[in-house]
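Reader: I am new to reading structures. Please take one part and walk me through it closely, then show me how it sits in the whole.

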Amino acid sequence: MPGIDKLPIEETLEDSPQTRSLLGVFEEDTAAISSYFSQLFKAMQRIYDAQNELSAATHLTSKLLKDYEKQRFPLGGDDEVMSSTLQQFAKVIDELSSCHAVLSTQLADAMMFPITQFQERDLREIVILKEVFQIASDDHDTAINRYSRLSKRKENEKVKNEVMEDVYTSRKKQHETIMHYFASLNMLQYKKKIALLEPLLGYMQAQISFFKLGSENLTQQWEEFLTNIGTSVQNVRREMDSDAEVTEQAIQDLKVASDPLYMPDPDPNKIPVNRNLTRKAGYLNIRNKTGLVSSTWDRQYFFTQGGNLMSQSRGDVAGGLVMDIDNCSVMAVDSEDRRFCFQITAFDGKKAVIVQAESRKDCEEWIATINNISKRIYLSENPEEIAARVNQSALEAVTPSPSFQQRHESFRPSMQGRPKTARSGSQCSAGSESPALSSLSLDSLVAPDTPIQFDIISPVSEEHTSQAKSAVQGRRTNPFGESGGSKSEESEDSILHQLFIVRFLGSMEVKATESTDVIYETMRQILAARAIHNIFRMTESHLLVTCECLKLIDPQTQVTRLRFPLSSVVLCASHQENKRLFGFVLKTAGGRVDGRPVTVCYVFESNNDGEKICDSVGLAKQIALHSEMDRKATQKQRELDKAKEKQQEELHKQKQIEKDLEEQSRLIAASSRPSQPAADGQFLVLSNSQSEDSDAGDEGQKKGESEA
């Protein structure tokens, strides 16, 4: 290539100062080349790293778009349009990710490889040759100095030859090294141009290939798709702007309307007190005692739910029960020099809470609302409306429901083929039904004309009743298969002991026991009867589930009110919609009607999930079944062991008899032999005892043969 300066290799042996000066110029140029290419390498390395990051980010974006339909957002529904759109975007971006991956590979091969080779191989070779040349030059100068100091007067051929050999070797090494060094410096002038142009050429070719690949993939179809998406985005933006304007206007209106409510104690003339409320919610301060005379006040959110007063702190998922406000008393009180305080006392007087409202209006409304719920007083001039609201409140006292009609429909069992009958609002409020439904439910599920029992008969009253009837009817039979007080309590070492707080709603005799629909129908009829007859009280008990029985225990006296053997429990189920309601069907041991045992369905309400109680009863029955199976298996094994022992005894007796027979046969054979003289000429004489033994042996043998 013309115009490139070179070092004269033919002058390397002479090693003149002019040659050394020219070498210095080339070395300065080499240092400048090394510095420049180091910066260029860093720039290209950043391009390559950025391309790799872009390729990885594009691939990750495509993966996240594909996984969008698998995400479950709390406030986002199933938007099929959005999922389909993002899937199409994921497909396009995935193709772009492939293009970026190809571009990264081409940049690594065509751009980074040449410049890396130039830095690590060519420039590194120049540095090594420079160090070797410097060492060879120093060795040559040392050898020349030693040669120059040879003595003229005292010549030593051996030393002279060694010095001359050293000069020869060092000069040859220096010459060869400087020639290679000069040649590498001359080649560097070519290599720097190649190393500068080749990476740039590779970079441009890779970019052109990338753009061509992108233009081939992004067809007219994708352009139309992107245009449609752009239009959709603009529509969403316009909708968002419109919604923002509406929201801003609503905020301004709420500011104006809520301005009087910002005051904690508003003027009652401007905002009158509403004393006809049946539901109330808001923040109150509740008093909590921390000692004998000290107390703290906590701010909580209170609300009424049916016949219960609930509270919920910030951050809690659900509210908790404060107290039952059915038939409670409420009045304003003075507490710790605080304003707007009132006290709520339970109907039995055992529990009372003191709360503080923010204003006089709020305090009076809370008192009026609790009184309305507690006393079931509704200010209405229409008697039908009063009856409807009383019935609705009765059901809400059991489980909150928007309306009594929905409560009726929810408690109706979902049976196929059941005729749907229309009923008016007044009929629903009164609990009446169509003739077809009443006939179907009463005839197939519930015994006709059966009374509903709303109270639990305690053991004491049962005992008095049995004593009163014992003179006429004799001994009373327990309907649950128990023998009164003669049977001792079950063992306390049962595997399962689970206690639940329940409230007894009622019980009635039923006919069918094959399906859980009988429990749902019983629930519906009991709740309807409670609403019709204005029965709001419920007996609270502790339900103890063990492997032997179910017990209803008085929470105060710990007296067992009712005891159900676990074997008599036929069905147990919770309601499909209101999980707090559950019931179970019992098949009593005493008494039969129409050739079938009497079955009674009991309905309860629990603070917990009714399914948990049903699962506990099912677990107890499984444990009892396995225990009974183990007991029968153990009893059978014992019988087999006894039979085996008896067989062994019989076999032992038989062997003993055979042994006795053999002994008797031997004695008889010995006695029946003729008397033979002994060796010394004397005779053997049997004694009287031996004769008697032989006679006894004969008789025993005959007796044994007769027995055999």
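Author: Start with the contacts. Among contacts in the protein chain between residues at least 6 apart in sequence, 65% join residues at least 24 apart. Keep in mind that this is a predicted model. The chain has 708 residues, and buried residues make up 34% of them. Its secondary structure comes to 13 helices and 14 strands.

Now the close look: the largest nonpolar core. It holds 27 residues. Which residues have the most contacts inside it? They are Leu-23, Phe-37, Phe-118, Tyr-181 and Leu-185. Three helices each supply at least two residues of this core: helix 1 (17-66), helix 2 (80-148) and helix 3 (157-217). The largest share comes from helix 2, with eleven residues.

Zoom in on Tyr-181. Set aside its neighbours within four places in sequence. Tyr-181 is then in contact with Leu-23, Glu-27, Ile-126, Leu-129, Lys-130 and Phe-133. One of these, Leu-23, is also among the core residues with the most contacts.

Seven strands form an open sheet in the order 4-3-2-1-7-6-5, and the pairing is antiparallel. Strand 4 (320-324) and strand 5 (329-335) are the edges, since each pairs on one side only. On average, neighbouring strands of this sheet are turned by 40° against each other, direction ignored. What holds such strands together? Strands of a sheet pair through backbone hydrogen bonds, either parallel or antiparallel. Take one pair. Strand 6 (residues 338-345) and strand 7 (residues 352-356) are joined in the antiparallel sense over five bridges. Phe-342 stands opposite Val-355 in strand 7.

Last, look at helix 11, residues 517-532. At 1.5 Å a residue, its 16 residues should span 22 Å. The C-alpha atoms at its ends are 23 Å apart, which agrees. Is helix 11 largely enclosed or open? Of its 16 residues, 15 are buried, so helix 11 is largely enclosed by the rest of the structure. Just after helix 11 comes Asn-534, with a positive phi of about 55°.

Notes. Residues numbered from 1 in each chain as written. Predicted model: local features only at pLDDT ≥ 70, side-chain atom pairs only at ≥ 80, totals over all residues. Heavy atoms only, no water. Pairing = 2+ DSSP bridges. Helix = DSSP H or I, 4+ residues; strand = E, 2+ residues; numbered from the N terminus. Axes fitted to C-alpha atoms, helices over the stretch in contact; angles between N-to-C directions. Core = buried A, V, L, I, M, F, W, Y, C linked by side-chain atoms within 4.5 Å. Buried < 20%, exposed > 50% of the residue type's maximum accessible area, 1.4 Å probe, protein only. Contact = heavy atoms within 4.5 Å. Expected span 1.5 Å × (residues − 1).
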